[in-house]
Amino acid sequence: MSSSGFASQNGAGATYANGPSQNPVALYPTNQGYMAPPQPGYLNAMPTKEPTPPAPSCYNPSRQQPSPVTMYQQPLSLPASPNHRPALVPPAHTPPLANSFYQHPQQPPSWPPPAVNQASPAPSPAPPQPYNTGTSTPPVFQNTMQSPAPVPPYSSLNNAYMTAPALNVVAPHTHQSFGPPQAALRGTLPPSGPPPPPLATRSDGPYSVQPGAMNRPMGTAYPSLQTAYQSVPAPQKPSPMQPAAQPYSTAAPQQYQQPSVSAAQLSPSLAALNLQSQMPEALRVVNLLQERNLLPPGAVTPPTPCLPQDLQRLNCSPEVFRCTLTSIPQTQSLLNKAKLPLGLLLHPFKDLSQLPVVTSSTIVRCRSCRTYINPFVSFLDQRRWKCNLCYRVNDVPEEFMYNPVSRSYGEPHKRPEVQNATIEFIAPSEYMLRPPQPAVYLFILDVSHNAVETGYLDVVCQSLLDNLNSLPGDTRTKIGFITFDSTIHFYNLQEGLSQPQMLIVSDIEDVFLPTPDSLLVNLNECKELVQDLLRSLPQMFSKTMETQSALGPALQGAFKLLSPTGGRVSVFQTQLPAVGTGSLKPREEPSQRAASKDVQHLSPATDFYKKLALDCSGHQIAVDLFLLSAQYCDLASLGCISRYSAGSVYYYPSYHSHHNPSQTERFQKDLKRYLTRKIGFEAVMRIRCTKGLSIHTFHGNFFVRSTDLLSLPNVNPDAGFAVQMSIEENLLDMQVVSFQAALLYTSSKGERRIRVHTLCLPVVSSLSDIFAGADVQAITALLASMAVDRSVSASLSDARDALTNAAIDSLTSYCTSVLTIQQPGLLAPACLRLFPLYILALLKHKAFCTGTSTRLDERVFAMCQLKYQPLAYLMLMVHPALYRMDNLTDEGALNINERTIPQPRVLQLSVEKLSRDGAFLMDHGIALYLWIGRNCNPSFLTQVLGVQSYVALPQNMKQLPELDTAESSRIRAFIDWLREQRPFYPILHIIRDESELKAEFMQNMIEDRTESALSYYEFLLHLQQQVSK
Ligand SMILES: [Zn+2]
């Protein structure tokens, strides 16, 4: 189990034997997987596999009708050694199926599932009803008191594959040939070079996943009922977190009427759902090789789950809770066939403009599985409700009969808990293990010569001085400081002292707290001393000659100081820690930065930081790391302190206050956000899902305390999480399933609160429905996290191959099992048309690229970001948005608060889209680049940039002047609007042709060929080759 920890839920890191147990079933030896000898237990159940070459037989273009049964029997090879096909799921047992990618070893007993086996192999030509949402059982999803409308046995299992007539092949929109980009800008094309390294080729090497068994808490005591509803904040309307509009315009008005069903028998919404006649836009067939313009004009919006309107209206916002598949497959084998990953993307503590908050002495939960009552439970009558996760029937407590919003009695289904998929409870005392602790902030500052020389200390101290009164907290808030070089310095800030007292501990082998009671002080009472300290710190060390860094001992001191209360530690580090415990050695070989294959040292050099992080986690301490350095700092090792303690990592390569002003500006903006954003302490997050579904791997920064419980000493509104799921029991009788994330935390004001998000999704029985509900961005984000794990546990090239194979596999599955009319080209359903582009973007992302010089710390940081950023920001970092700026108009503009915000079209990331007479803005999430062409329109220069000519444009311009022209207001309104969309502040860089940043701008031209990577078109050709094999 040497590196088994890498496959564990927390991602990379050596197995830590000392801490609480990680989900043990998620630990895999990496030397086992597709190459491992088959396990006899499995082989019995499996169809015969013949070691034939991979496989012209996978795909038979002449076959008109996919046969779900024969698919299992296609002769496929076990991979030969060097030519294996890695998958992103952790290697585990012998693959149960040949040609499977997302495989589940524990096949349900009924495997192959009846739904698939009984399906007519030939698609029925008759009823074109792509949205076959379920079986003939009555709906379970009414949440009103109305008796359920009877639903006729409308969609039979035999229609599981009834996609044939619906799938018309649509002629491409544009006939523009899609060749290699032509250079619109001579000299700006990436240099041509030797052919890029070969990509993964198709050889079959499936993996399997063994998810952890669900371990739900059962039957804890139900709180006794209270009679009165105590207090409730002003009634709030359901927050406006309606899911975004359907991304692609829905199908044309229905032409097909189902004669056997009277629409009157169905509730109106259900009728609309089931009678939707033609193929949805999501399944429109797109030939990627021909259709050139795949990007929507604006942002890519998530698909809307195909639910009855009254349910969907109540559903959780996709900004908070998303699933890679908005239609959940009925069985694991169906999921395996789709070759798409199943998982959830969460942004649970996102800043929300409206959040219903409920104070109640009784929080209504399922007695069996502890699910919080939510909009997707069903009320059997006024006194009983049925849990939507475990189906237990529960009593409605007396108190719940009163509706505080309408101030009426007897309407439990109208309570805010049943009307809001996102809600927050103020928790009564049984949700506390100890009295809520105060907000505690400890700052650890590197004051070695190197650190002081960068000038960062002034920025931190000034930012703290500016924001001291905005730190979240109340009158109990505590604060403390530690500085360190080769020794550790504590600061006595006790009230009554005339000035701060510095206490030096030079015994770094055994750090002790010199005056344990006066190092963390009440911020209100000791504010002046704190301010004194912050004003004098930068000078105190300005002449220091100490070059060493004892980070490990400083962290141990911090742990001792905070362990009674918990709290937040903010560490500022500028070099490789070289003395004391936790010291590290340089591991990066600069000559290897541009390695074309594998990258070493992505895993930590020591388990010291992980162990300490787990100790911190156990004492409710989170450690946030700010790394500011020009040199290698071994972020792969240091980052563990934040990852396992649920902290955040910030990285500013080449930071220098004077020499690198743009980094300094970003650092200042980040600090302001960091110091003032909301924070939750002593948090845990539990994710529950409907019986039959199982969660098995988590991504993000946390520690997994039990199979579905994440320990989060701190939670902040900028953290994202992802989980992978599998289907353990067939969902045959279910029309919908639900997922619930409950985040229990202590607010900075000392309140215990629970934020609950519930997502409801339909269950489907056909592959075409699964594809129709695929959320390409969520899929990309989940695959990115899986690929980070794979890079560390196996190798970078494995991860890259697995990413490519994810695209090949799903498109192959689509072509062989969903499409009924074969045609040349690379075919994808419209909802996945951006999938190959996003995969290519990941392959060119700093985390996974090869062949271009990438510093190890920058690569590791990019990987941290992929696992930590919420989906919306992550996607901009992977695939930035490009806009033309010199011809903005008000046509189609948004109007928000009397401001007109132009909406320019999103352009493809290719130099072909640039022109020298224009100006182009690239939104990279954390940064904005405005590239000005050399022959840029003179009126743009004068009206927007305030200069007479291109030559007069200053280098390193960071702001647009506020000119009184229509052009200037338009572009500033647009940039302000982009910035308002996110909690951090992206810096604007105005780039001239000679600017150093131009390379960064051009690197994001993902569709173009580079020395070491394929162009988008070449990548498509590669995929096509593999798909048609
Ligand atoms: Zn339940």
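Tyr391 sits in the loop between β9 and β10 (393-395). Strands here are DSSP runs of E with at least two residues, helices are runs of H or I with at least four residues, and both are numbered from the N terminus. The phi of Tyr391 is near 70°, a positive value in a residue other than glycine. Most residues other than glycine have a negative phi. At 27% relative accessibility, Tyr391 counts as partly exposed. The scale is this: buried means under 20% relative accessible area, exposed means over 50%, and partly exposed lies in between, with a 1.4 Å probe and protein chains only.

The model is predicted, so local features need pLDDT of at least 70 and side-chain atom pairs count only at pLDDT 80 or more, while totals for chains, interfaces and linings use all residues. Residues are numbered from 1 along each chain as its sequence is written, and side-chain values use heavy atoms, with hydrogens and water left out.

Next comes the metal site. Which residues coordinate the zinc ion? The donors are Cys366 (SG), Cys369 (SG), Cys387 (SG) and Cys390 (SG), at 2.3 Å. A donor is an N, O or S atom within 2.8 Å of the metal (3.2 Å for Na, K and Ca); water is not among the atoms, so sites may look incomplete. In sequence the spacing of the donor residues is C-x2-C-x17-C-x2-C. The four donor atoms subtend angles of 100 to 116° around the zinc ion, which makes the arrangement tetrahedral. Cys366 is buried, with a relative accessible area of 0%. Cys369 also counts as buried, at 2%.

Now the neighbouring strands. β8 (residues 378-381) and β9 (residues 384-386) run antiparallel and are joined by three bridges. Two strands pair if DSSP finds at least two bridges between them. A hairpin through two residues joins β8 to β9. Phe379 has Trp385 in β9 as its bridge partner.

Glu682 has a phi of about 45° although it is not a glycine. Glu682 belongs to strand β22 (residues 680-689). Is Glu682 buried or exposed? Glu682 is buried, with a relative accessible area of 8%.

From β22, follow the pairing. β22 and β25 pair in the antiparallel sense over six bridges. Gly680 stands opposite Val715 in β25. Strand β24 (residues 703-706) also pairs with β25 in the antiparallel sense, over three bridges. There, Val704 stands opposite Leu710 in β25. β24 and β25 form a hairpin with two residues between them. Why is β25 (residues 709-715) described as largely enclosed by the rest of the structure? Seven of its seven residues are buried, so the label applies.

Seven of the seven residues of β23 are buried, so β23 is largely enclosed by the rest of the structure. Its antiparallel pairing with strand β26 (residues 721-727) runs over six bridges. Ser694 stands opposite Ser726 in β26.

His347 lies in the loop between β6 (343-346) and β7 (357-359). His347 is buried, at 5% relative accessible area. The C-alpha atoms of His347 and Pro717 are separated by 7.7 Å, although the two residues are 370 residues apart along the chain. Gln575 lies in the loop between β19 (567-573) and α11 (608-618). Gln575 is buried, with a relative accessible area of 15%. The C-alpha atoms of Gln575 and Ser448, 127 residues apart along the chain, are separated by 9.0 Å.

The largest cavity has a volume of about 290 Å³. A cavity is a set of points, on a 1 Å grid over the protein atoms alone, where a 1.4 Å probe fits but cannot get out; lining residues have an atom within 4 Å of a point. Grid points are joined across faces, edges and corners, and a volume is the space filled by probe spheres set on the points. The lining of the largest cavity has 17 residues, of which Tyr650, Asp670, Gln869, Ile926 and Phe984 lie nearest its centre. Elements that give two or more residues to this lining are β21 (649-653), α14 (661-676) and α19 (856-868).

Technical notes. Four donors count as tetrahedral if all angles lie between 85 and 135 degrees; four count as square planar and six as octahedral if opposite donors are over 155 degrees apart and all others between 65 and 115; anything else is irregular. On a 1 Å grid over the protein atoms alone, a cavity is a set of points where a 1.4 Å probe fits but cannot get out, and a pocket is an open set with protein on both sides within 12 Å along at least five of seven lines; lining residues have an atom within 4 Å of a point.
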